[in-house]
Amino acid sequence: MREVCYCGRSGDAEDREPVWAEDNRQALRCPGCGYLDYLPQLEEGSRRLVFSESEKRHLARLEEAMRPGGRKEEVA
Ligand SMILES: [Zn+2]
């Protein structure tokens, strides 16, 4: 799912950082400007899918960064 942020950053919504905001709601934080997107336009089910995918990618990025000599991820 491609999205464009207010700051002009574009890319997969799932590539943004998953965070828990107030109200125990999940949001995706833009790595460019820190904007929190609650994905209000999505239905509950698809929102959950986007969040779980973004968590997966987030963890994969962390593991990638921890691994010595691992390849650098290209930032879109
Ligand atoms: Zn942004």
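User: What lies across β3 and β4, and at what angle does it run to β3?

Analyst: Helix α1 (residues 44-66) does, running at about 115° to β3. Axes are lines fitted to C-alpha atoms, for helices over the stretch in contact (C-beta atoms, placed from the backbone, within 7 Å), and angles run from 0 to 180 degrees between N-to-C directions. Helices (H or I, at least four residues) and strands (E, at least two) are DSSP runs, numbered from the N terminus. The model is predicted: local features need pLDDT of at least 70, side-chain atom pairs count only at pLDDT 80 or more, and totals for chains, interfaces and linings use all residues. Residues are numbered from 1 along each chain as its sequence is written.

User: How do you know that β3 and β4 pair?

Analyst: Pairing requires at least two bridges found by DSSP between two strands. β3 and β4 have four, in the antiparallel sense, so they pair. One of the bridges links E17 to R29 in β4.

User: Why is one side of β3 and of β5 left without a neighbour in the sheet?

Analyst: The open sheet has the order β3-β4-β5, with antiparallel pairing. β3 and β5 (36-37) stand at its edges with a single partner strand each, so one side of each has no neighbour in the sheet.

User: Why is D23 called exposed?

Analyst: A residue is exposed if 12 or fewer other C-beta atoms, placed from the backbone, lie within 10 Å of its own, buried at 20 or more, and partly exposed in between. D23 has 8, so it counts as exposed.

Methods
Contact = placed C-beta atoms within 7 Å.
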